[in-house]
Amino acid sequence: MNNTINLVAVTFDKTFLEHSWVWLQDEEIRDLTMTPNFSKEQQINWFNSLKQRYDYLIWGIQFQGNPVGAFGIKNIRSNSGEYWGYIGNKSYWGKGIGKWMINTSIEYASKNDIECLYLRTNYQNTRAINLYLKTGFIISSIEDSVLWMKRYV
């Protein structure tokens with residue numbers, strides 16, 4: 001793709017909420033992101049809670065104006081936070097968006113005194129693990145089927 005210039009991090013609004021509902025109903029995406037089943041009501045309650053939260057940052061991803069995924073930093077405490085992200089539109093998998101999401105998060109963390117980003121992923125998610133390693137994350141532990149990684153900003 002290398003059209004990362006056409007990628008934009010935007011406010012995660014109700015449009016992205018609706019797309020995320022569809023994306024996260026996909027069994028493969030849910031498995032790779034370790035997302036538990038949730039109801040529409042739970043999703044709306046979570047979305048409504050974002051306005052009051054200071055420990056959770058979320059952005060929607062647009063490519064040429066089209067919603068393709070979401071990413072952010074959650075569980076922000078003092079100088080660390082948990083990176084997370086997914087590309088919900090599978091036709092955009094393998095096109096460099098994941099690297100852009102990580103780099104955008106690292107840039108935000110650097111500017112906002114977040115010194116360490118950590119993440120967790122399904123240990124079978126080899127594509128994501130390879131990307132995380134290439135972008136400077138190191139494996140910090142493995143618990144059951146969850147691989148924990150961290151990166152200092």
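Which backbone nitrogen lies 2.8 Å from a polar atom of the side chain of Asn122? In this predicted model, local features need pLDDT of at least 70 and side-chain atom pairs count only at pLDDT 80 or more, while totals for chains, interfaces and linings use all residues. Residues are numbered from 1 along each chain as its sequence is written, and side-chain values use heavy atoms, with hydrogens and water left out.

A look at the whole chain comes first. The protein chain holds 5 helices and 7 strands, counted as DSSP runs (H or I, at least four residues, for helices; E, at least two, for strands) and numbered from the N terminus. Read from the N terminus on, their order is β-α-α-α-β-β-β-α-β-α-β-β. Of the 153 residues, 40% are buried, meaning under 20% relative accessible area with a 1.4 Å probe, protein chains only.

Asn122 belongs to strand E5, which covers residues 116–122. With a relative accessible area of 14%, Asn122 is buried. Leaving aside residues up to four places away in sequence, Asn122 touches Asp31, Leu32, Met34, Ile129 and Ser145, a contact being heavy atoms within 4.5 Å. Asp31 is 91 residues from Asn122 in sequence, yet their C-alpha atoms are 7.7 Å apart in space. The side chain of Asn122 also reaches the backbone oxygen of Asp31 at 3.4 Å. As for the opening question, the backbone nitrogen is that of Gln124, 2.8 Å from a polar atom of the Asn122 side chain.

How values were computed. Buried means under 20% relative accessible area, exposed over 50%, partly exposed in between (1.4 Å probe, protein chains only). A polar contact is a pair of N or O atoms within 3.5 Å; within protein, one must be able to donate a hydrogen and the other to accept it, and residues adjacent in sequence count only if both atoms are side-chain atoms.
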